[in-house]
Amino acid sequence: MKTRHINLALQGGGAHGAFTWGVLDRLLDESWLEIAAISGTSAGALNGAALKAGLVQGGRARARENLDWLWSQVSEVNDLRLDRWLTALFPYPDALNRWIELFTPAAWMDQIGRLVSPYDSGPFYVNPLERIVKRFDFEHVCARSGPDLFVAATNVRTGKIRVFADGEITAEAVLASACLPNVFRAVEMYDPQTGKIEAFWDGGFTGNPPLFPLYETKYPRDIVVVNINPLLRDSVPQTPTEIEERINEISFNSSLLRELRAVSFVRRLISEGRIPEGAMKDVLIHMVADDKTMNALSAATKLVPTVGTLERLKTAGQAAAEAFLSAHGDAIGVRASVDLAALFG
């Protein structure tokens, strides 16, 4: 098949990012698909960094190896909330921690997690993702070759999105993109854009993921969004946990939906001839998602990266990518496969 170029937009969603692992694993099988740029947030930023570094260092096979390594490391992380509140209560909780891992229900952990700040652990605080991210090969993550990479975080002081690009992307930038404020301390670092030490939270609050960096004319028209947070839920949430989960999904989809609405508006103006040809880019949106699988999972599994759940999500991602390629592979470079007018109708 003739080579076609795409941009990837990778959503965040904690351990559910293993779904994207599966999607990327399947897309890497298609030699006719070339990735021009990647925009990622939170887990999408981790996936994007592993993907780019692998492509630069050793092509598709190395990219697949990098992604496999990343999620094997994530699977070794305990419930992301455990270290926070246990260390705050007990500076040396090794024995108790082992007991908790065996017997504590995730729901109870969630309730305890609401009562303890990540700042309560004092000098004993550790971000469990740090040991993983700092092992990334940033020479290749930031390389000029390979797809361009964009990583989104939220500036705590201004409330605005901060998109780190290529050479700006450090371990701290990736950790900032994945910094849920009720789980991790804000990532503080010098930002040359403001000339200040800035604190950053998860990029999902302001861009999950941001599409606008991919609108530049040097990139192809096609943006493939890998969606983790379900857009649709038919049932009305009733329990406190269900309500909070749906609030989380809506809030972390809101920035993406705003950008998709803007794309839909521009496409309508172009189709109606209301703006000069070439004045704005006619973006083609595609989406790989599996709301059925995601609806069957709880928000708690985003913070509990068990091997079984990660493998299930990878398999679901591979199947979703296969379905997308079968149904819409021929649309890439030709037409959008997401009907934005119907989505917002």
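## How the strands pair

Two strands are said to pair if DSSP finds at least two bridges between them, and strands (E, at least two residues) and helices (H or I, at least four residues) are DSSP runs numbered from the N terminus. This is a predicted model, in which local features need pLDDT of at least 70 and side-chain atom pairs count only at pLDDT 80 or more, while totals for chains, interfaces and linings use all residues. Residues are numbered from 1 along each chain as its sequence is written, and side-chain values use heavy atoms, with hydrogens and water left out.

Strand E2 (residues 33–41) pairs with E3 in the parallel sense over 5 bridges, and serine 39 has phenylalanine 150 in E3 as its bridge partner. E3 also runs antiparallel to strand E4 (residues 161–165), to which 5 bridges join it, with arginine 162 in E4 as the bridge partner of alanine 153. Alanine 153 also stands opposite aspartate 202 in E6, a strand that pairs with E3 in the antiparallel sense over 3 bridges. The hairpin of E3 and E4 has 5 residues between the strands, and in it glycine 159 takes a positive phi near 75°.

## A covered strand and a covered helix

A residue is called buried when its relative accessible area is under 20%, exposed when it is over 50%, and partly exposed in between (1.4 Å probe, protein chains only). Strand E3 (residues 148–155) is largely enclosed by the rest of the structure, because 8 of its 8 residues are buried. In a regular strand the side chains alternate between the two faces of the sheet. Both faces of E3 are covered, with Asp148, Phe150, Ala152 and Thr154 buried on one side and Leu149, Val151, Ala153 and Asn155 buried on the other.

Helix H1 (residues 18–27) is mostly covered as well, since 10 of its 10 residues are buried, including Phe19, Trp21 and Arg26.

## The nonpolar cores

A nonpolar core is a set of buried Ala, Val, Leu, Ile, Met, Phe, Trp, Tyr and Cys residues joined through side-chain atoms within 4.5 Å. The largest has 65 residues, and Phe19 and Leu70 are among those with the most contacts inside it. Helix H2 (residues 43–74) gives the largest share of this core, 11 residues. Apart from it lies another core of 18 residues, among them Phe150 and Val163.

## The chain as a whole

The chain has 12 helices and 8 strands, and 51% of its 345 residues count as buried.
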